[in-house]
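Trainee: I have a chain on screen and want to learn how to read it. Can you walk me through the features one by one?

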Amino acid sequence: MTVSAKVLKRALNINVVLGMDDSGEAKTKARSYNNINPEASLDQLHAAGQALGGLMTEDVDSICYTEKKELNVGA
């Protein structure tokens with residue numbers, strides 16, 4: 001039995017720093033962008049995150065993405 005995975009959906013998340021809490025830890029918030037092309041490469045995702053982050057007034061803490069995959073069983 002062979003299992004394969006097909007990317008159904010990607011979301012790009014840009015985590016921005018909103019300030020500091022009482023203990024000095026950074027408070028962050030994720031800005032999410034859905035319906036990312038499943039064929040986009042990691043380099044393209046990172047470049048898009050950097051470009052979008054450059055337009056924000058908050059400092060970018062990190063750029064992440066999530067994938068939703070469908071698992072299929074083949075013969």
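**Reading the chain**

Mentor: Start with the order of elements: from the N terminus, the chain runs β-β-α-β. Helices (H or I, at least four residues) and strands (E, at least two) are DSSP runs, numbered from the N terminus. This is a predicted model, where local features need pLDDT of at least 70, side-chain atom pairs count only at pLDDT 80 or more, and totals for chains, interfaces and linings use all residues. Residues are numbered from 1 along each chain as its sequence is written, and side-chain values use heavy atoms, with hydrogens and water left out.

Trainee: How many helices and strands does the chain have?

Mentor: There is 1 helix, and there are 3 strands.

Trainee: What radius of gyration does the chain have, and what would a compact globule have?

Mentor: The radius is taken over C-alpha atoms, and the globule rule is 2.2 Å times the number of residues to the power 0.38. For 75 residues, a compact globule would be near 11 Å; this chain has 16 Å. Along the principal axes, the C-alpha atoms fill roughly 55 × 25 × 15 Å.

Trainee: What share of the residues is buried?

Mentor: Buried means under 20% relative accessible area, exposed means over 50%, and partly exposed is in between (1.4 Å probe, protein chains only). Here, buried residues make up 17% of the 75.

Trainee: Which share of contacts joins residues at least 24 apart?

Mentor: A contact means heavy atoms within 4.5 Å. Take the contacts between residues at least 6 apart in sequence: 67% of them join residues at least 24 apart.

Trainee: Where is P38 found, and which residues does it touch?

Mentor: P38 sits in the loop between β2 (26-36) and α1 (42-54). Leaving out residues up to four places away in sequence, P38 touches V7, L8 and R10. P38 has a relative accessible area of 31%, so it is partly exposed. Now look at T57, 19 residues from P38 along the chain: their C-alpha atoms are separated by 28 Å.

Trainee: How many salt bridges does the structure hold?

Mentor: First the idea. Side chains of opposite charge can pair when their charged atoms come close. The cut-off is a side-chain nitrogen of Lys or Arg within 4 Å of a carboxyl oxygen of Asp or Glu. The structure holds 3.

Trainee: What else does E67 pair with?

Mentor: E67 also forms a salt bridge with K69, whose closest approach between N and O atoms is 3.5 Å. K69 is partly exposed, at 46% relative accessibility.

Trainee: Which residue forms a salt bridge with R31?

Mentor: E58 does, with the closest N and O atoms 3.0 Å apart. R31 lies in strand β2 and E58 in the loop between α1 and β3, so this pair ties together parts 27 residues apart in sequence. Both R31, at 27%, and E58, at 23%, count as partly exposed.
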